[in-house]
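Please open the model in your viewer and keep the selection tool at hand.

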Amino acid sequence: MAWIFRNESTDMDLSSNYHEIINCGRLPAISSGQMISSGSVDDGNGTIWLYDIDCSGSEHKLINCTYSIDTSHCFHRYDVGLHCYLSCPAEEDEGRLRFITGSVENIGRLEINYKGEWGTICHIGFDHIDAAVACRQLGYCSGQMISSGSVDDGNGTIWLYDIDCSGSEHKLINCTYSIDTSHCFHRYDVGLHCYLSCPAEKDEGRICSGQMIPSRYVDDGNGTIWLDDINCSGSENKLINCTYSIDASHCLHSYDVGLHCYLSCPTEEDEGRFAFNNGFR
């Protein structure tokens, strides 16, 4: 919560170590900051001094901004909360990423270092294009988003929300985003599956010819379920050239595709011949 002194006195509890509280730029060792929701801080008590503060950003003190002292309609449940940044890194150092992984090195929760602190990213608005940018920044060739339920919940600050990348960015922080994460929770933290390799296009998705068999006739797989809702016209040379979705978060290995691949594909004139093992011609 931010405290402000007026006429060298205050009706608020001064048991904390706060002295002159203005904006984040005036606090010792603090370079800047952002507002957080009132629900994230304890309600204050005593006088509510200011309302409708409007700063240009160039002021050295909050009291130099325009404001109203008519706070008759305000309540302490609306007290201002602040998150002051520990540092403001140089532009080239802002937005470092790290992976919080479990037993698999390339699957885990994504975290970003923003304003000198590590925190998580809200998955609302985050898609596979954004995931590919993040994975490339982490040193992988590409990747995709996985459901938040597949990674452990983070803790601390949720820094970014509604990230939107074009796919050409070298760093996730270069994409557009919002820092208003007041409606996000750690159960929505972004999870990533970064690819260990990205085969040449000609080697991607090779598969034999054949027919589908029911999932119950094959053993359940394990690991990643890559594709869902595949739709081929039949003219494709590779399965990967068909339309498909990579959102397989609702799929289970009990539905893994089974195939019967043909040992040979006869020419059209030889297809469907009959033969007798025994009997009369």
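Select the aromatic side chains: there are six aromatic pairs, where rings of Phe, Tyr and Trp (its six-membered ring) pair if their centres lie within 6.5 Å. Go to Y195 and W226, whose ring centres are 5.3 Å apart with planes at 70 degrees, so this pair is edge-to-face (planes over 60 degrees apart; under 30 is stacked and the rest tilted). Y195 sits in the loop between β11 (191-194) and β12 (210-213), and W226 in the loop between β12 and β13 (228-231), so the pair ties together parts 31 residues apart in sequence. Colour by accessibility next: Y195, at 21% relative accessible area, is partly exposed, and so is W226, at 37% (buried is under 20%, exposed over 50%, partly exposed in between, with a 1.4 Å probe and protein chains only).

The model is predicted: local features need pLDDT of at least 70 and side-chain atom pairs 80 or more, while totals for chains, interfaces and linings use all residues. Residues are numbered from 1 along each chain as its sequence is written, and side-chain values use heavy atoms, without hydrogens and water.

Now select Y114, W159 and Y177, a cluster linked by ring pairs. Then move to F75, where R77 lies over the face, 4.7 Å from the ring centre. For such a charge, NZ of Lys or CZ of Arg is within 6 Å of the ring centre and within 35 degrees of the ring normal.

Finally, show the whole chain: buried residues make up 30% of its 281 residues.

Note on methods:
Helix = DSSP H or I, 4+ residues; strand = E, 2+ residues; numbered from the N terminus.
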